[in-house]
Amino acid sequence: MGKVRAHAKRDANEKDIVKLIRSLGGGWVSTASIPGELDGIIGYAGHDIRCEIKDGTKSVSRRALSIDEQKTFDEWPGRAPVIIECDDDVINLFNELRRT
């Protein structure tokens with residue numbers, strides 16, 4: 001069985017982003033405690049999307065994906081994961097998912 005991280009580092013805006021996801025009728029499952037995994041999975045309009053939450057107020061270099069995160073983005077064979085940095089990213093994603 002794989003190792004579980006006790007306390008994965010969270011971006012400052014994660015709680016607010018998750019609150020918005022849920023308030024718009026989406027679901028959220030955190031996967032951040034799994035080594036090498038992204039922050040979570042968003043469920044919305046019949047779709048499940050792996051996502052990484054980054055704090056959009058930080059500099060570009062401080063929002064960069066880790067090596068493990070980048071590997072997940074590059075190698076995942078399913079729907080491409082998304083990066084969520086702000087409320088507008090959630091709203092735009094949900095609008096896109098409603099159209100598909």
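Reader: How many salt bridges does a search of the whole structure find?

Author: Side chains of opposite charge can pair when their charged atoms come close. In this structure, which is a predicted model, a search of the whole structure finds five salt bridges.

Reader: With which residue does Arg50 form a salt bridge, and how far apart are the closest N and O atoms?

Author: The partner of Arg50 is Glu37, and their closest N and O atoms are 2.4 Å apart. This pair links distant parts of the chain, since Arg50 belongs to strand S3 (residues 47-53) and Glu37 to the loop between strand S1 (27-30) and strand S2 (40-44), 13 residues apart.

Reader: Why does Arg50 count as buried?

Author: A residue is called buried when its relative accessible area is under 20%. Arg50 has a relative accessibility of 12%, and therefore counts as buried.

Reader: Which residue meets Lys54 in a salt bridge, and are Lys54 and its partner buried or exposed?

Author: The side chain of Lys54 meets that of Glu69, at 3.0 Å from N to O. Lys54 lies in the loop between S3 and helix H2 (67-75), whereas Glu69 is in helix H2, so the pair ties together parts that are 15 residues apart in sequence. Lys54 and Glu69 are both buried. They also belong to a network of salt bridges that links Glu52, Lys54 and Glu69.

Reader: Where in the chain are Glu96 and Arg79?

Author: The side chains of Glu96 and Arg79 meet in a salt bridge, 3.4 Å from N to O. Glu96 is in helix H3 and Arg79 in the loop between H2 and strand S4 (82-84), so that distant parts of the chain, 17 residues apart, are linked. Glu96 is partly exposed, its relative accessible area being 36%. Arg79, at 37% relative accessibility, counts as partly exposed.

Reader: At what angle do helix H1 and helix H3 pack?

Author: Two packed helices are described by the angle between their axes and the distance between the axes. Helix H1 (residues 14-23) and helix H3 (residues 87-99) pack at about 30°, and their axes are 10 Å apart. Angles under 35 degrees count as roughly parallel, and H1 and H3 are therefore roughly parallel to each other. The crossing in which H1 passes H3 is right-handed.

Reader: Which residues in H1 and H3 meet?

Author: From H1 come Ile17, Leu20 and Ile21, which meet Asp87, Val90 and Phe94 in H3. Of the residues of this contact, five are nonpolar, none is polar and one is charged.

Methods
Residues are numbered from 1 along each chain as its sequence is written. This is a predicted model: local features need pLDDT of at least 70, side-chain atom pairs count only at pLDDT 80 or more; totals for chains, interfaces and linings use all residues. Side-chain values use heavy atoms; hydrogens and water are left out. Axes are lines fitted to C-alpha atoms, for helices over the stretch in contact, and angles run from 0 to 180 degrees between N-to-C directions. Helices (H or I, at least four residues) and strands (E, at least two) are DSSP runs, numbered from the N terminus. Angles under 35 degrees count as roughly parallel, over 145 as roughly antiparallel, 65 to 115 as roughly perpendicular and the rest as oblique. A crossing is left-handed if the near helix is turned anticlockwise from the far one by less than a right angle, and right-handed if clockwise. Contact means heavy atoms within 4.5 Å. Ala, Val, Leu, Ile, Met, Phe, Trp, Tyr, Cys and Pro count as nonpolar, Asp, Glu, Lys and Arg as charged, and the others, Gly among them, as polar. A salt bridge is a side-chain nitrogen of Lys or Arg within 4 Å of a carboxyl oxygen of Asp or Glu. Buried means under 20% relative accessible area, exposed over 50%, partly exposed in between (1.4 Å probe, protein chains only).
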